[in-house]
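Hi,

Here is the structure I said I would pass on. Have a look at it first, and then read my notes below.

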Amino acid sequence: MQRSQIYYTRSFEHPAHTIDPILEAVSLYASRAAEKLRKQRHLVGCMQVFIHTSPHKPNYRSASEIVQLAYPTDDSRVLVDAARATVKRFYKEGYAYIKAGIGLLDLVDKAQYQPDLFSGGPTEESQAVMAMLDKVNTKLGKGVLFLGAQGVRKPWYMKQQYCSPQYTTRWGENPEMKAM
């Protein structure tokens, strides 16, 4: 299914009181959104980045910015750099952030894209690196290769041990029956 926008947003397991977990989170989300973008063979022209605290607690704060990229791209590295720079611009200390997200807004079909003479565009090297990254992750498992900015331990990552079973999409979650 072709999307007109791609959003990747999650709540943190524990509130983030420093900028480091937020930077790791938006790096991961931008990278995952870029994977989806490449899978549907599109490029993105602008991206929304946001963070916010709990609306149910005092001192609610929400920050969001739409970033116009220099040229349409599907390179995870470019999107991660833009997302991290954006968070650094609007992050304020003293708040307990509980959610962060990335939105890819201005999607362009890769086959229809014509690069601008002056602003450039995705390079062949960039395309080859992203193709290799996707190939390895498809063959060996999601997240085997990743950008270092995403962090390794991820203590902020949302735990999902109480999710509903996915019987229709994961064979391993189907109940077993034994005949006696």
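**What sits around Leu104**

Leaving aside residues up to four places away in sequence, Leu104 touches Gln5, Ile6, Ala33, Ala34, Leu37, Val44, Cys46, Met47 and Leu79. Bear in mind that this is a predicted model.

As a general point, nonpolar side chains tend to be buried together in soluble globular proteins.

**The overall layout**

Stepping back, the protein has three helices and five strands, and along the sequence they come in the order β-α-β-β-α-β-β-α. Of its 180 residues, 38% count as buried. The accessible surface is about 11600 Å², and carbon and sulfur atoms account for 54% of that. If you take the contacts between residues at least 6 apart in sequence, 78% of them join residues at least 24 apart.

**Helix H1**

H1 covers residues 19-39, which makes 21 residues. From first C-alpha to last, H1 reaches 30 Å, close to the 30 Å expected at 1.5 Å a residue.

Just after H1 comes Arg41, with a positive phi of about 55°. Arg41 is in the loop between H1 and S2, and it counts as exposed because its relative accessibility is 59%, where the cut-off is over 50%. Asn59 is another residue other than glycine with a positive phi, near 65°. You'll find Asn59 in the loop between S2 and S3, and at 62% relative accessibility it counts as exposed too.

**The aromatic rings**

How many aromatic pairs are there? The count comes to three. One of them is Tyr8 with Tyr29: the ring centres are 5.5 Å apart and the planes are at 35°, so this pair is tilted. Tyr8 lies in strand S1 (residues 6-16) and Tyr29 in helix H1, so the pair ties together parts that are 21 residues apart in sequence. Both tyrosines, Tyr8 and Tyr29, are buried.

Tyr95 and Tyr97 make another tilted pair, 6.1 Å centre to centre with 50° between the planes. Are these two buried or exposed? Tyr97 is buried, with a relative accessible area of 0%, while Tyr95 counts as partly exposed at 25% relative accessibility. Together with Tyr91, Tyr95 and Tyr97 form one aromatic cluster.

Two arginines are worth a look here as well. The charged end of Arg10 sits over the ring of Tyr8, 4.5 Å from its centre. Arg61 lies over the face of Tyr95, at 5.7 Å from the ring centre.

Cheers

Definitions and conventions: Residues numbered from 1 in each chain as written. Predicted model: local features only at pLDDT ≥ 70, side-chain atom pairs only at ≥ 80, totals over all residues. Heavy atoms only, no water. Helix = DSSP H or I, 4+ residues; strand = E, 2+ residues; numbered from the N terminus. Buried < 20%, exposed > 50% of the residue type's maximum accessible area, 1.4 Å probe, protein only. Contact = heavy atoms within 4.5 Å. Areas by Shrake-Rupley, 256 points an atom, 1.4 Å probe, with all protein chains shown as cover. Expected span 1.5 Å × (residues − 1). Phe/Tyr/Trp six-rings, centres within 6.5 Å; stacked < 30°, edge-to-face > 60°. Lys NZ or Arg CZ within 6 Å of the ring centre and 35° of its normal.
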